[in-house]
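The exercises below are meant to be worked with the sequence and the model side by side. Try each task before reading its solution.

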Amino acid sequence: MARIPEITFFKAVYSLKDIPSTGLPEICMSGRSNVGKSSIINCLANQRNLAKISRTPGKTQSINYFIVDGTFYLVDLPGYGYAKISKSDKKKFSELVNTFLNERRELRGVIQLIDSRHGPVSGDYDMLRWLEMWGGSVLYVFTKSDKLSSNEKVKKMKMYEKEYGAENIVMFSALTGTGLETLWSWINRTLKIT
Ligand SMILES: Nc1nc2c(ncn2[C@@H]2O[C@H](COP(=O)(O)OP(=O)(O)OP(=O)(O)O)[C@@H](O)[C@H]2O)c(=O)[nH]1
Ligand SMILES: [Mg+2]
């Protein structure tokens, strides 16, 4: 891509009443804790520490809004499937995220992250079912592909293509930038459609 869009942190939302009301379109990152949602935002922004990342799951505990070129938002959601947070926090996050997903009119697309090594695991299935039902634009991003051998990559790609459709998936690595171009073109396409 010729130019890297300017991405800046906009707002951390802990409660739905604090969600921005500018009406700009939104694309959100969804996936299990630790799958690489915040890393993908840093990769898109070509910045190291824009979104806080951590080796410890459960890092992102709010809905974090990033604004891209002043024209749309990338939204980093708290990850699901992390066993170690308290029951009350888990309930709080899931209510926040569920309401966001079900009621957010500005939501144009979901980037669903899945660990490329394992494919969907328990915890992913609720979200995957919701996405099928939702019927909006979804890109399935298979993360941490730098951890796969080239043989494994080919094998897994075939499997995921069969399951989700070749045009809806991308193998991604925040480490090497593999898949970044595809991600941008999906984002641009999705914003144009709606
Ligand atoms: N090797 C490799 N490691 C990655 C990649 N993407 C993320 N990681 C690592 O995975 C860990 C989790 O990354 P995050 O981006 O914080 O994950 P997250 O999905 O935002 O996690 P939560 O905020 O807890 O929901 C960090 O240690 C990252 O450095 C990748 O493409 N390749
Ligand atoms: Mg995160």
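**Exercise 1.** Which residue is the bridge partner of Cys28 in E4?

*Solution.* Before starting, note that this is a predicted model, in which local features need pLDDT of at least 70, side-chain atom pairs count only at pLDDT 80 or more, and totals for chains, interfaces and linings use all residues. Residues are numbered from 1 along each chain as its sequence is written, while chains are lettered from A and ligands numbered from 1 in the order in which they are written. Begin with the two strands, E2 (residues 26-30) and E4 (residues 72-76), which run parallel and are joined by 4 bridges; strands (E, at least two residues) and helices (H or I, at least four) are DSSP runs numbered from the N terminus. Within E4, the bridge partner of Cys28 is Val75, and that of Glu26 is Tyr73.

**Exercise 2.** Are the residues of E2 buried or exposed, and which way do they point?

*Solution.* A residue is buried if 20 or more other C-beta atoms, placed from the backbone, lie within 10 Å of its own, exposed if 12 or fewer do, and partly exposed in between. By this rule 5 of the 5 residues of E2 are buried, so the strand is largely enclosed by the rest of the structure. Glu26, Cys28 and Ser30 point one way, whereas Ile27 and Met29 point the other way. In a regular strand the side chains alternate between the two faces of the sheet.

**Exercise 3.** Describe the chain as a whole.

*Solution.* First list the elements: 5 helices and 7 strands, running β-β-α-β-β-α-β-α-β-α-β-α from the N terminus on. Then consider the dimensions, for which the C-alpha trace spans about 50 × 40 × 35 Å along its principal axes. Finally, of the 194 residues of the chain, 35% count as buried.

Note on methods: Two strands pair if DSSP finds at least two bridges between them.
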